[in-house]
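This report looks at charged side chains and how they pair. Please read it with the structure open beside the text.

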Amino acid sequence: MFRSRSGGCGLAGGVVLILAALAAAQEPDVGDVIPHAQDRPPNPPKTPAEAIAAMTVPEGFRVELVAAEPDLVNPVAMTFDEKGRIWVAESLEYPRREPGPGRDRLKVFEDTDGDGQADRVTIFCEGLNIPSGVAVGHGGVWVANSPDILFFPDADRDAVPDGPPDVVATGFGRADTHELPNSLTWGPDGWLYGWNGVFNPSRVSSNNGKTYEFTCAIWRIHPRTREFQIWCEGTSNPWGIAINDEGEFFASACVIDHLWHLVEGGYYIRQGGPYPPFTAPHGSIVNHTHQKAAYCGVVWFDSEAYPEEYRGRLYMGNIHGNCINVDELQRDGASYKATARPDFLSANDAWFMPVSQKVGPDGCLYILDWYDRYHCYQDANRDPEGIDRLKGRLYRVRYRETPRRFGFDLGRETDEALIARLGAANIYDRETAQRLLTERLAGGTAQPGTREALEALVGGGDAAMRRPVRMHALWALIGSGAIDEAGIGRLLDDPDPVVRAWAVRAAGDGGADPALVLGRLSDPNPVVRTWAVVAAAKVCKETGLAARVLEASASEADPLLAHVVWQVVHPRLDDPAEVDLLADVAESRMAVSGSMGARLWPRLVARVAAAPRVDGVKVARLARIGLERFGDEAAVARETLDRLTAAVREGVIASQRLHGLRAELGSVVRDRAADRASAVRADALKLAAAWGDPEALDALRAVFADDQAEPWLRIEALRVLVAQRDLGVIDRACELATDRGVMPAEARRRLIEALGELDEPRVAERLLAAYGDLGPGVRPTVVAVLSGRASWGRALLAAVARGVVPKSEIHLNQVRRLLATRDPEIAAAVRQLWGVIREGRDERRDLVVGQMRNFLAKTPGDPVAGRAVYQKICATCHKIYGEGQDVGPEITLNGRNDWDQLISNVFDPNLVIGEAYQAVNVATTDGRVLTGLLVEDSPARVVLRLQGGENVAIPRAEVEDQQVASVSLMPEGIETQLTPQEIADLFAFLALDKPPEDPTAKRLPGAPEVPRREAGRGQ
């Protein structure tokens, strides 16, 4: 399966000759194609010399070529070894999804004469299939080759495998081959780290007895024990891990915010897909953007080869912007904030695709360039034959006459010489020396006195000039397991907080005495406190950790620390003993009302309410503590009461647990419900009514009946009354929903959605009787609600047959939902009205896309009027410029990068469906069928996000059937729901990259130059 081969100057063998001939004879015909996220057809491909001539870099810098085609084609990943050799993974197979042997290979590039160009190229192994990451160390070469992580032994470091590879871990997916396991990076702690993307589900079993199912996550492998772990989760499809001088991890990501600071155990905002139960995801460290949201590779740069102003920054490849972006970090409590700096390199060439950036042995920045007109998987999947498989470049960005470096081998240096390099100005030297010392210490080949010399460096003070050498010495000891508990204990009292933070991390990974870790929960530095919480979760197995962590952190205001605390605490709250201890500590001494308490207490109460082994009295006790301590802090009290109300309404807390909750908390809730001056009276009333309090129900009926009350208060009152099956409100609710003069359209939509929970024929009768007068903003909600029950569905289809409801106002997905009720009468009516309903994508949509492209090319539209169309038909699921609902993808920067993509996404939504955006149908025991995106899927409940943005929780006991839909949540046939002019107006709005009133707004790439229709004309 895997083969190896070596060559001298250039590549030997027929492969190179073939590629060279193809390169000469088959230059791609660029034509007029506009690749995804580009604003014009690409320029013709440039030779390496032409490409360099077109690049712009700061004064004093120049770009040099290290390697190019035919020696280098389709490069995906790279790393440097201790000899300065460059290991590059090439992929001719991309975007192939099938696993198994392929044509891809791993090459080694060397500069043997010091002229800056690779003159020796060796094929290390072949037969790979999209090798997406490479690392060298611990006696061999590590390669990500999904579904496997492979280890090729090469103990003599001659770039020839010593034998077949070991499969170190397996189970990575290939569902999305631009999100494969990637970015193999040696962490400061000696573990090998890597990424996996959001649309690439994976399932990996570890020798620690655990099986991990994940998508977007940083994972790690121990090089000696081969243990596999998930380190943190979230973001989107990152490709690159950067580690700064404090050993902190950073990643750049696509589509969503571009830069993230990551800590172990954290869960960060995902591009899409459900979160685990009780997750409160953490955000990014940026509030700025660069050119375009597509990043590949990130490196923390530190080298004396560049002037000071270019050091200590993050350099990121922007593949749609064809440049290298730069961000600068500033500490912000336990985390960081990043600010943008001027771009370091602009290629001025649409083919430039920087997939990896590294600091080389000479201290320069090296940039690996895929070099292709197609940057994105959309193009690769649409036109795999259009991918250029003949090019690839590796560049060095050199400052003035920075000396070249060649012909060295750090692996042959003595331990003493390597120790001297730990303080080098070039991070390549520091990191490589550290890795080699780690390997020697762990493998028993270190020279006598090496450990003691490292310990002496670590104990040598905390002056800023000494920090790099201290940290790399410490990391060599930690990574090799050569630091004992006594040493950790001493370091936990070090004056430098970075040293203390790493000491507590080592204590957690090494299973040290819990007392060492717990003592650092009150450290004066927030970074140390954060990592102490992470470590405590590993070493403290006894009951009481939740109380210890919350007590130590209750007054904290740091958002990252609060996130880490929650991630550690909430899994323990299934244990009644843990909850008891927490309540005891909270009542006696915990500063519950501090910043951390305000952030976490309502969430904590809801988490305990969802724990079936924790009785209602204990839930009430924690809720009461929070309500009493926070007093007039209405936001916290309101959230606590609202979360309890939801738990009661959803049946999460019921029967004896509900009885205990009411008995223990009833007087507190009644007092607030009776106090008309209380800021949380309405919330208390809702909770009391939810558990059946007659006085509260009467009060909510009065609120609902009060025409002077705020519409939103009346809707919330109705929701509680509907949950209590109060049928007496139906007639009045239907009157309000159908009277256009009493409430705004949005309020009437919410009223109708609330009525959807009642299986009552009158609802359908009243809504359909008034259907023609409801207005275009409300009628879609009626159809959505009535298509969710068999009894209402029969009435809806009868109204369609009579012409009361236009057939065009029921889209295909709603027809499918009606069929999901499995009602014979509905099935017969659907056949009569629509015929046989197809599952999956309709191939005839290609024709519709073409027709719409031609129509829009000659039909003027008004973008201002188009915004109103967007609000009517798109905003129920999508956000643009901050307007709309967060159901489907945010489309400000996603899904409309060019005109053709926009037309395809709107009129052929089932052509490509990301797994995270697949609709899910849930049939309930009371006869409803709900369709939405999966937000949570746990043993306790299913949470769907419906069109309109509402989250609906269905207790697992009420789920009769759950199926992934074969089509997108976005319906086909949108053209049948709009007039031709509305279509033109909508696309005039969507075709602009900014709101229509912004004078700098530009049309999307490829959009036809159709004159705008005058605003209001023809309305």
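Which side chain does Arg750 meet in a salt bridge? The partner is Glu753, and the salt bridge between the two side chains spans 2.8 Å from N to O; a salt bridge here is a side-chain nitrogen of Lys or Arg within 4 Å of a carboxyl oxygen of Asp or Glu. Arg750 and Glu753 are 3 residues apart in helix α23 (residues 745-755), so about one helical turn separates them. Both residues are buried, where buried means under 20% relative accessible area, exposed over 50%, and partly exposed in between (1.4 Å probe, protein chains only).

The model is predicted, so local features need pLDDT of at least 70 and side-chain atom pairs count only at pLDDT 80 or more, while totals for chains, interfaces and linings use all residues. Residues are numbered from 1 along each chain as its sequence is written, and side-chain values use heavy atoms, with hydrogens and water left out.

Over the whole structure, the search finds 81 salt bridges.

| Pair | Distance | Location |
|---|---|---|
| Arg105 and Glu90 | 2.6 Å | strands β5 and β4 |
| Arg643 and Glu639 | 2.9 Å | helix α17 |
| Arg750 and Glu753 | 2.8 Å | helix α23 |

Helices (H or I, at least four residues) and strands (E, at least two) are DSSP runs, numbered from the N terminus.

The side chains of Arg105 and Glu90 form one of these salt bridges. Because Arg105 belongs to strand β5 (residues 104-110) and Glu90 to strand β4 (residues 86-90), this pair ties together parts that are 15 residues apart in sequence. Arg105 is buried at 3% relative accessibility, and Glu90 is buried as well, at 1%.

In helix α17 (residues 634-649), Arg643 and Glu639 are 4 residues apart, which again amounts to about one helical turn. Here Arg643 is partly exposed, with a relative accessible area of 31%, and Glu639 is partly exposed at 30%.

Salt bridges also link Arg62, Glu64, Asp362, Arg396, Arg398, Glu401 and Arg404 in a network.

Asp119, in the loop between β5 and β6 (120-128), is buried yet has no salt bridge. The nearest side chain of opposite charge, Arg120, is 5.6 Å away, with Lys and Arg counted as positive, Asp and Glu as negative, and His and the chain ends not counted. The side chain of Asp119 does make a polar contact with that of Thr112, at 2.4 Å; such a contact is a pair of N or O atoms within 3.5 Å, and within protein one must be able to donate a hydrogen and the other to accept it, while residues adjacent in sequence count only if both atoms are side-chain atoms.
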